[in-house]
Amino acid sequence: MGETALYAPFEVALARERLRVIPIRLNPGKFCGIGAFVKWSKNIPLRRQDFTISEGAPTGAADFMVLLEGGLTLFVEFKSPTGRQREAQAHFETACRMIGHPYVIARSVEEAVEAVRRQITQSALPPPVQPS
C-alpha cells in the first residue's frame, strides 16, 4: 500500500478514537510563477525586484501536522515499509525537533495513531479552560 493510501484512514482513525486533536494534511508546495515589481522614486524607476510565487507546505514537510491541546504540534510522516526519508524531509524533521516539536515516521495507521496517543499522554497538560 502506498503512503498516500494511509492519509484518509489516519483521519478516520483519529475521529473514531475521539482524540481531541486537529489533523491537517500538508500539501506539498508548488511553483506558481515569477513576478516582478519596480521600486520607484519620484516617478523614476530605481530597481527591478524579481520574486517567485509559491503556495503550499515547504519542501520536505511532513504529511500531517497534528495540533494537540496546549499548543503542541506533532508532525507525522508516512512511509511505506521500505520507504526512506528524502534529504529535504530529514532537514524538516531536524528543524521541527530543534524548536521542540515532535516528529514521527509512521509505517501504518496504527503506528501514527499510537504516536498521537503517546504524545497526548506525554504532554499531559491540565484540561483546557471551557469558554463561558
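Let me start with helix 2, where the face turned away from the buried side carries the exposed residues Glu87, His91 and Met98; exposed here means over 50% relative accessible area, buried means under 20%, and partly exposed lies in between, with a 1.4 Å probe and protein chains only. Helices (H or I, at least four residues) and strands (E, at least two) are DSSP runs, numbered from the N terminus.

Before I go on, please keep in mind that this is a predicted model, in which local features need pLDDT of at least 70 and side-chain atom pairs count only at pLDDT 80 or more, while totals for chains, interfaces and linings use all residues. Residues are numbered from 1 along each chain as its sequence is written, and side-chain values use heavy atoms, with hydrogens and water left out.

Back to helix 2, then, whose buried residues are Gln89, Phe92, Glu93 and Cys96. Seen down the helix axis, these buried residues fall within an arc of 100 degrees, so they line one face of the helix; the arc is that of the directions from the helix axis to the C-beta atoms. What covers them includes strand 5 and strand 6, the latter being residues 103-106, where contact means heavy atoms within 4.5 Å. Just after the helix, Gly100 takes a positive phi of about 90 degrees.

Now to the charged pairs. The structure holds six salt bridges, each defined as a side-chain nitrogen of Lys or Arg within 4 Å of a carboxyl oxygen of Asp or Glu. One of them stays inside helix 2, where the side chains of Arg97 and Glu93 meet at 3.0 Å, N to O, and these two residues are four residues apart, about one turn of the helix. Glu93 counts as buried because its relative accessibility is 16%, whereas Arg97, at 47%, is partly exposed.

Which parts of the chain does the pair of Glu69 and Arg20 link? Their salt bridge has its closest N and O atoms 3.0 Å apart, and it links distant parts of the chain, with Glu69 in the loop between strand 4 and strand 5 and Arg20 in the loop between helix 1 and strand 1, 49 residues apart. Glu69 is partly exposed at 33% relative accessibility, while Arg20 is exposed at 53%.

Lastly, Glu114 forms a salt bridge with Arg117, the closest N and O atoms being 2.6 Å apart. Both lie in helix 3, three residues apart, which means that about one helical turn separates them. Salt bridges that share partners join Glu17, Glu114 and Arg117 into one network.
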